[in-house]
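I opened my notebook to record what I looked up in this structure, one topic per entry.

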Amino acid sequence: MRFPAVDRSILITGASSGIGLAAATTMAGRGWRVFATVRRDEDRQRLAHIAGVTPLLMDYADPASIAATADAVLEATGDRLGALYNNGAYGQPGALEDLSTEVLRHVFEVNVLGWHDLTRRLIPAMRRARAGRVVMCSSILGFLSMPYRGAYNASKHAIEGLADSWRLELIDAGIHVATIQPGPIATNFSSTAMKKFHDNVDVEGSANAEGYRQRLADMQRPPEASFFRKPPEAVVDCLVHACESERPRPYYRVTWLTKGAAVVKHLLPASWFVGLLHRAARAGN
């Protein structure tokens with residue numbers, strides 16, 4: 001199915017580093033008018049030096065900042081924003097039994113509910129234009145789950161559900177919704193996740209203490225690109241296609257691990273697939 005071309009303006013969230021920063025830089029270089037959100041003023045000042053990028057302060061956990069960002073972008077574009085890339089999120093490692101409900105609630109506030117709030121504020125303008133692209137940065141953990149990542153697993157599964165529903169609800173309005181499902185990407189995402197882990201998990205008081213100790217060394221390795229771990233630009237290539245193609249895809253899988261896991265999950269009986277994930281998790285110890 002062909003979709004109409006959109007105004008070459010895009011709002012990108014979580015642009016202080018990693019995938020978001022690469023996306024803002026690349027899209028601006030391709031002639032897009034980029035609005036990029038960050039949470040800290042020092043990051044806003046740094047982005048202000050990139051030609052074609054307008055930085056904005058926004059926190060997905062702050063509804064007032066979400067509303068202000070949506071209003072500012074729609075005013076600046078004359079109600080013609082072409083694309084939205086929901087990217088900003090954080091990981092909260094830890095076994096689910098070791099995470100308080102309040103910690104899980106905050107993960108969903110940032111990783112899910114904030115995305116819903118921002119997106120629904122922009123959809124009416126896209127409907128009026130009869131064109132738009134909404135791209136969600138999901139994860140391999142949006143269609144399979146691994147231990148000690150339950151909060152993030154759950155948030156990305158929720159994003160997949162939102163995107164699948166929006167895709168069907170908006171297709172007749174000329175708005176395309178895509179999810180990008182990265183596997184391992186070389187960013188500083190893990191460093192933030194490790195801080196959240198130490199802030200919110202009582203390692204020594206946990207029944208999972210030994211499992212945590214076995215995983216900490218791997219979790220703290222520098223995020224270098226390799227055959228197994230792609231650079232952020234691999235995700236941005238998918239964003240470009242999702243925003244610029246007449247025939248954007250509903251799903252974009254990044255890294256051979258994500259593509260392979262999707263095929264294996266489809267082919268194997270469910271019990272075999274669960275066993276495979278269990279063995280893979282134990283091998284990671």
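The entries below go from aromatic rings to charges over rings and then to strands.

**Entry 1: ground rules.** I am working with a predicted model, in which local features need pLDDT of at least 70 and side-chain atom pairs count only at pLDDT 80 or more, while totals for chains, interfaces and linings use all residues. Residues are numbered from 1 along each chain as its sequence is written, and side-chain values use heavy atoms, with hydrogens and water left out.

**Entry 2: aromatic rings.** I noted that a pair of aromatic rings is described by the distance of the centres and the angle of the planes. Rings of Phe, Tyr and Trp (its six-membered ring) pair if their centres lie within 6.5 Å, and planes under 30 degrees apart count as stacked, over 60 as edge-to-face and the rest as tilted. My search of the whole structure found three aromatic pairs. For Y148 and Y212 I read 5.2 Å between the ring centres and 65° between the planes, so this pair is edge-to-face. Y148 lies in the loop between strand 5 (132–137) and helix 5 (150–170), whereas Y212 lies in helix 7 (residues 209–219), 64 residues apart; helices (H or I, at least four residues) and strands (E, at least two) are DSSP runs, numbered from the N terminus.

F197 and Y212 also form an edge-to-face pair, with 5.1 Å from centre to centre and 75° between the planes. This pair links helix 6 (residues 189–200), which holds F197, to helix 7, which holds Y212.

Are F197 and Y212 buried or exposed? Buried means under 20% relative accessible area, exposed over 50%, and partly exposed in between (1.4 Å probe, protein chains only). F197, at 2%, is buried, and Y212, at 3%, is buried too.

**Entry 3: charges over rings.** A charge sits over a ring if NZ of Lys or CZ of Arg is within 6 Å of the ring centre and within 35 degrees of the ring normal. I found the charged end of R167 over the ring of Y251, 4.7 Å from its centre, and that of R253 over the ring of F143, 5.5 Å from its centre.

**Entry 4: strand 6.** Eight of the eight residues of strand 6 (residues 175–182) are buried, so this strand is largely enclosed by the rest of the structure. Two strands pair if DSSP finds at least two bridges between them. I found six bridges joining strand 5 to strand 6, which run parallel, and V135 has A178 in strand 6 as its bridge partner. Strand 6 also pairs with strand 7 (residues 251–254) in the parallel sense, over four bridges.
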